[in-house]
Amino acid sequence: MTIELPDIIAQYFAADKKSDAKAIAECFTQDAVVVDEGNSYTGRDAIQQWMANASTEYSYTVEPFALSEEGGRTVVTSHLVGNFPGSPVDLRYFFVLLGDKIAELEIVP
């Protein structure tokens with residue numbers, strides 16, 4: 001099933017598919033915050049490092065399959081399969097957009 005993601009979110013998932021940490025960081029505002037696995041990463045440099053670490057530590061594929069709005073956030077539910085503990089898993093990505101960039105992202109099971 002194909003869903004129509006907002007452009008910047010589609011860019012985020014396209015960069016993730018290529019394991020391109022720099023391109024992922026460019027999807028965010030300068031002072032954006034990412035919360036993943038109980039850790040917070042603030043700013044593009046920290047976000048780039050977070051993704052670089054994740055893509056070298058694990059091999060995975062992510063397939064967004066549902067899109068909704070919840071409390072002013074865009075929620076993308078995605079199926080992840082890879083060599084990480086608990087695979088496969090469906091995760092919810094809570095995006096807060098600011099203009100044409102991502103200001104906040106929280107990833108939860």
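Me: Before anything else, what makes a stretch count as a strand here?

Reply: A strand is a DSSP run of at least two residues. This is a predicted model, and in it Asn39 sits in strand E2, residues 39-42.

Me: Why is Asn39 called partly exposed?

Reply: Its relative accessible area is 38%. Buried would need under 20% and exposed over 50%, so a value in between gets the label partly exposed.

Me: What makes E2 an edge strand?

Reply: Start with the open sheet: 6 strands in the order E2-E1-E6-E5-E4-E3, with mixed pairing. E2 and strand E3 (60-70) each pair on one side only, and that's what an edge strand is here.

Me: How do you know that E5 and E6 are paired?

Reply: Pairing takes at least two bridges, and 7 of them join E5 (residues 89-98) to E6 (residues 101-108), so the two qualify. They run antiparallel, and Phe95 stands opposite Leu105 in E6.

Me: Which parts of the sheet does H1 touch?

Reply: H1 packs against strand E1 (28-36), E3, strand E4 (73-82), E5 and E6, and its direction makes about 135 degrees with that of E5.

Me: Why are the buried residues of H1 said to be on the same side?

Reply: In H1 (residues 7-17), the buried ones are Ile8, Ile9, Tyr12, Phe13, Ala15 and Asp16. They span an arc of only 160 degrees around the axis, so they share one side of H1. The face turned away from that side carries exposed Asp7 and Lys17. As for the background, an α-helix has 3.6 residues a turn, so residues three or four places apart point the same way.

How values were computed:
Residues numbered from 1 in each chain as written. Predicted model: local features only at pLDDT ≥ 70, side-chain atom pairs only at ≥ 80, totals over all residues. Heavy atoms only, no water. Helix = DSSP H or I, 4+ residues; strand = E, 2+ residues; numbered from the N terminus. Buried < 20%, exposed > 50% of the residue type's maximum accessible area, 1.4 Å probe, protein only. Arc of directions from axis to C-beta. Contact = heavy atoms within 4.5 Å. Axes fitted to C-alpha atoms, helices over the stretch in contact; angles between N-to-C directions.
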